[in-house]
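I opened this entry to look up domain contacts, ligand contacts and charge pairs. My notes follow the order in which I checked them.

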Amino acid sequence: MILVTGATGTVGSAVVAALSGSDDRVRVATRDVAAVRDELADVDDYTRFDFTHPETWGPTLVDVDRLFLVRPPAVGVDRVREFVDAAARIGVEHVVYLSVLGAEKNPILPHRRIERHIESSGVAHTFLRASFFMQNLAEVHRRDIVEHDKIFVPAGTGKTSFVDARDVGAVAALALTEPGHDGRAHDLTGAEALAYADVADVFSGVLGRRITYADPSVVAFVRRLRSRGTPLPFVVVMLGIYTTARLGLAARVTRDVETLLDREPIAMRQFVAEHADAFRE
Ligand SMILES: NC(=O)c1ccc[n+]([C@@H]2O[C@H](COP(=O)([O-])OP(=O)(O)OC[C@H]3O[C@@H](n4cnc5c(N)ncnc54)[C@H](OP(=O)(O)O)[C@@H]3O)[C@@H](O)[C@H]2O)c1
């Protein structure tokens, strides 16, 4: 039995999709079973699960031997670590944890603190250290593209090795179902690093209208997000991410996706083409 946390989220839903058709039983963890029951195909095992409600953990973990672990951005590190302990106690044999690219270099990063806890738990584990998801463009930044024909992030000319979350989900499914991933960290990026001006050009080419890169100041960026009601902690996290990109620290490209999936990573052009309707609304 594979338990997928964050199963309704960007990567978790890709993990569930990648596992569909496999012989393994899959359990979807969500805070709101009723809301998602009919949305995820090929899954009939749902459990109400909340990191902040430990009384939901026991039923969630019954019969589980493998765990896909996501830390939702709003959930504290301690809660996730306690859940790892509960999983270890109940006999979960393998944890595949969604981390971030470069986590190993930053001991105070929440993701690295969770990685270290998993390492010390004694449970077999695989870390997926993912670069920035292409899907962010279709989520937090979609409105700027649709309404203003602009990509509005303060990343300067820095490049980012964007990865499609579906590739992350496909690698997670492999790590959960085939041997050979224990004790390993996979660094998951796209095949190339792109500056946001390059990304805007890809959008223009695919959508057939001119999309430009706005490169706003930090103040303008914060103002716009706050005016839309984006919570301050989320804005701060995004500023950290785009500052990292601006400094040229988000550009590392690896071949892990290609090696593991035996195909090229999904390219930005394909991602935009497949989401074109969402950018035209
Ligand atoms: N965005 C990026 O570019 C990027 C890159 C690398 C790594 N990451 C990491 O990826 C992780 C986020 O993954 P994602 O983008 O796939 O997630 P997401 O789309 O933001 O979805 C969050 C998921 O967490 C669940 N959730 C929220 N609060 C919860 C709680 N209290 N208890 C249990 N479940 C809860 C939600 O499920 P329900 O609402 O159904 O309960 C939802 O499925 C973060 O750790 C982030 O740092 C992000």
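I took a salt bridge to be a side-chain nitrogen of Lys or Arg within 4 Å of a carboxyl oxygen of Asp or Glu. The model is predicted, and local features need pLDDT of at least 70, side-chain atom pairs count only at pLDDT 80 or more, and totals for chains, interfaces and linings use all residues. Residues are numbered from 1 along each chain as its sequence is written, and side-chain values use heavy atoms, with hydrogens and water left out.

**Domains.** I looked up the division of the protein chain: domain 1 covers 2-130, and domain 2 covers 131-163 + 189-251 + 264-281. These bounds come from an automatic or database domain assignment. The C-alpha centres of the two domains are 27 Å apart.

**Interface.** I found six residues of domain 1 in contact with seven of domain 2 (heavy atoms within 4.5 Å). About 460 Å² is buried between the domains, 75% of it on carbon and sulfur atoms; buried area is the accessible area (1.4 Å probe) that two parts lose on being put together, summed over both. On the domain 1 side, T10, L101 and A130 lose the most area to domain 2, together 78% of what that side buries.

I then counted charge and polar pairs across the interface. There are zero salt bridges between domain 1 and domain 2. One residue pair is in polar contact, both at pLDDT 80 or more. A polar contact is a pair of N or O atoms within 3.5 Å; within protein, one must be able to donate a hydrogen and the other to accept it, and residues adjacent in sequence count only if both atoms are side-chain atoms.

**Ligand.** Which residues come nearest to the ligand? I noted T8, T30, R31, R71 and H111, out of 24 residues around it (a heavy atom within 4 Å). A polar backbone atom of G9 is 2.9 Å from a ligand oxygen. Ligand nitrogen atoms lie 2.8 Å from a polar side-chain atom of D50 and 2.9 Å from a polar backbone atom of F51.

**Salt bridges.** The structure as a whole holds 20 salt bridges. I looked up one of them, D45 with R27, where the closest N and O atoms are 3.1 Å apart.
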